[in-house]
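Hi,

Here is the structure I promised to pass on. Have a look at it first, and my notes on what turned up follow below.

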Number of protein chains: 2
Amino acid sequence: MTSTDRPPAGTAGKGAELSGVRPTRQRLAVADALSDADGFHSAQEIHELLGRRGESVGLATVYRTLQRLADAGEIDMMRSEDGEAIYRRCSMTHHHHLVCRSCGRTVEVEGPAVERWTTAIADEHGYAEVSHTLEIFGTCPDCR
Amino acid sequence: MTSTDRPPAGTAGKGAELSGVRPTRQRLAVADALSDADGFHSAQEIHELLGRRGESVGLATVYRTLQRLADAGEIDMMRSEDGEAIYRRCSMTHHHHLVCRSCGRTVEVEGPAVERWTTAIADEHGYAEVSHTLEIFGTCPDCR
DNA sequence: GGCAATTTGACAACGATTCTCACTCGCAGT
DNA sequence: ACTGCGAGTGAGAATCGTTGTCAAATTGCC
């Protein structure tokens, strides 16, 4: 469940998207760390990075912040092959992976055609809020 | 008592992939369960299914068997949105699933265009023996 | 039949993520 | 600036999926 319901916070009538979200030191630090380090990073990596920077932030807070950012669509979340959640600063295009069965070498590929197709198919069946996962497996040239 | 007995040294050198693999009841049961239930299933689901069937198999064994099968390329493994490992029997008709996030209602869809696209992309990067997984998620009309 | 390597299974160990809860801090009103 | 309250935080417990351990059971092959 991705419930986003929050208690009747009477505070209404202020910032649009940021209703009830406080820009605390920790949140800024997490968002910042993720911006500085590009590419995908796990919550634990971010936590460690913050520690090295001296900006100590609790692990639980890092998890919460990362999740909130992902929910808000400000960052992308996907899962590594180990099943760990990894995040990256948003903006880059949505893409898929072409993975080698033997060595694991991965190539990121884009497919506007696929994006269009999935949306069309879902639409055709009346499904809304579409998302999808696509992974391609094969044996890379070096492993042939 | 070491070099006296020598296991089937070059016994009918054909069973390449199955070197040292015994077709035990448990392994057959797991492979069977996965074949019967199509679609993706987690190790725990398979374990539970086997339990219901009366074919009791240890959880650890299910994990090991599934992993071995995946390594051998006999089944596909990917990760659910929760990060859990899910497997499916390989070699079934090429179709994908359009799943409803709320009620789970699933529609099987085919996409020759996607098949062609994935093959083309893989080819372009020199990858051979291509296979892929694609799942589409959305909210079905009844759940809107 | 009988032996040794492979497998199995119950359970401990693990690592990632979430939950709990007492304590702190930012924000708005006074 | 002072204060109250709820959002936010953090340390550690609790979950949960998955892997490691090891004695006992099973299987293949002589």
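This is a predicted model: local features need pLDDT of at least 70, side-chain atom pairs count only at pLDDT 80 or more; totals for chains, interfaces and linings use all residues.

By class, the surface near DNA strand D is made up of eight polar, seven charged and six nonpolar residues. Of the atoms of DNA strand D that come within 4 Å of the protein, 69% belong to sugar and phosphate.

B:Tyr63 has a polar side-chain atom 2.6 Å from a phosphate oxygen of DNA strand D. B:Gln44 has a polar side-chain atom 3.4 Å from a sugar or linking oxygen of DNA strand D. As for elements, α1 (25-36) and α3 (59-71) of chain A and α3 (59-71) of chain B each give two or more residues to the surface near DNA strand D.

Now to the two protein chains. Their contact involves 40 residues of chain B and 38 residues of chain A. Together they bury about 3,200 Å², with 63% of that on carbon and sulfur atoms. What holds for polar pairs here? Between chain B and chain A, eight residue pairs are in polar contact, both residues being at pLDDT 80 or more, while the count of salt bridges across this interface is zero.

β6(B) gives the most, with twelve residues. By class, the chain B side that touches chain A has 19 nonpolar, twelve polar and nine charged residues.

Strand β6 (residues 128-139) of chain A runs antiparallel to β6(B), and nine bridges join the two. If you want a place to start looking, A:Thr133 has B:Glu135 as its bridge partner. Strands of a sheet pair through backbone hydrogen bonds, either parallel or antiparallel.

There is also an open sheet within chain B: three strands in the order β1-β3-β2, with antiparallel pairing. Its edge strands are β1 (41-42) and β2 of chain B, each of which pairs on one side only. β2(B) and strand β3 (residues 85-89) of chain B are joined by five bridges, and B:Ile75 has B:Arg89 as its bridge partner in β3(B).

Last, the salt bridges. Over all chains, the search of the whole structure finds eight of them. One that I would look at is between A:Glu55 and A:Arg25, where the closest N and O atoms are 3.4 Å apart. A:Glu55 sits in the loop between α2 (43-53) and α3 of chain A and A:Arg25 in helix α1 of chain A, so this pair ties together parts that are 30 residues apart in sequence.

Cheers

Note on methods:
Residues are numbered from 1 along each chain as its sequence is written. Chains are lettered from A and ligands numbered from 1 in the order in which they are written. Side-chain values use heavy atoms; hydrogens and water are left out. Contact means heavy atoms within 4.5 Å. Buried area is the accessible area (1.4 Å probe) that two parts lose on being put together, summed over both. A salt bridge is a side-chain nitrogen of Lys or Arg within 4 Å of a carboxyl oxygen of Asp or Glu. A polar contact is a pair of N or O atoms within 3.5 Å; within protein, one must be able to donate a hydrogen and the other to accept it, and residues adjacent in sequence count only if both atoms are side-chain atoms. Helices (H or I, at least four residues) and strands (E, at least two) are DSSP runs, numbered from the N terminus. Ala, Val, Leu, Ile, Met, Phe, Trp, Tyr, Cys and Pro count as nonpolar, Asp, Glu, Lys and Arg as charged, and the others, Gly among them, as polar. Two strands pair if DSSP finds at least two bridges between them. A residue is near a molecule or strand if one of its heavy atoms lies within 4 Å of it.
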